[in-house]
Amino acid sequence: LSVALSGTILSRCPACARNFANLYCNNICSPDQSLFTNVTRVVNRTILGKSELAVVEYQCFYQQDFAD
């Protein structure tokens, strides 16, 4: 639901959509995640009989020049 709502709102503002995409891509794909991301909550989950940890909450810390 929140993703659909975000898409609806962002489709009205191309600059907002670009900023959101840039932020999302940095959060998910950056090879430097460890420099600005702090994992605050994980849960154990089992998939196909294999137990693994899944991140469910994290904090990101960005410098002012990135936000600008």
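**Entry 1: Q59 and its contacts.** I began with Q59, which touches F36, T37, N38 and T40, leaving out residues up to four places away in sequence; contact here means heavy atoms within 4.5 Å. I found Q59 in strand β2, and noted it as partly exposed, at a relative accessible area of 38%. My cut-offs are under 20% relative accessible area for buried, over 50% for exposed and partly exposed in between, with a 1.4 Å probe and protein chains only.

**Entry 2: a note on the source.** This is a predicted model, where local features need pLDDT of at least 70 and side-chain atom pairs count only at pLDDT 80 or more, while totals for chains, interfaces and linings use all residues. Residues are numbered from 1 along each chain as its sequence is written, and side-chain values use heavy atoms, with hydrogens and water left out.

**Entry 3: the fold in outline.** I listed 3 helices and 2 strands, in the pattern α-α-β-β-α along the sequence. Helices (H or I, at least four residues) and strands (E, at least two) are DSSP runs, numbered from the N terminus. Of the 68 residues, 7% count as buried.

Entry 4: How do β1 and β2 pair, and over how many bridges? They pair in the antiparallel sense, over 10 bridges; pairing requires at least two bridges found by DSSP between two strands. I picked out T46, whose bridge partner in β2 is S51. The hairpin has 2 residues between the strands, and there L48 takes a positive phi near 50°. L48 sits in the loop between β1 (37-47) and β2 (50-60) and is exposed, with a relative accessible area of 88%.

**Entry 5: the surface.** I noted an accessible surface of about 5900 Å² for the chain, of which 58% belongs to carbon and sulfur atoms. Areas come from the Shrake-Rupley method with a 1.4 Å probe; for residues, only the protein chains shown count as cover.

Which elements each supply at least two residues of the nonpolar patch? They are α2 (14-29), β1 and β2. The members are F20, Y24, I28, V39, V42, L53, V55 and Y58, with about 770 Å² of accessible area together. For such a patch, nonpolar side chains (Val, Leu, Ile, Met, Phe, Trp, Tyr) are joined within 5 Å, from residues with over 30% relative accessible area and no salt bridge (a side-chain nitrogen of Lys or Arg within 4 Å of a carboxyl oxygen of Asp or Glu). I checked V39 in strand β1: V39 is partly exposed, at 44%.

Terms used:
Patches are made of residues with over 30% relative accessible area and no salt bridge: like charges are joined within 9 Å, nonpolar side chains (Val, Leu, Ile, Met, Phe, Trp, Tyr) within 5 Å.
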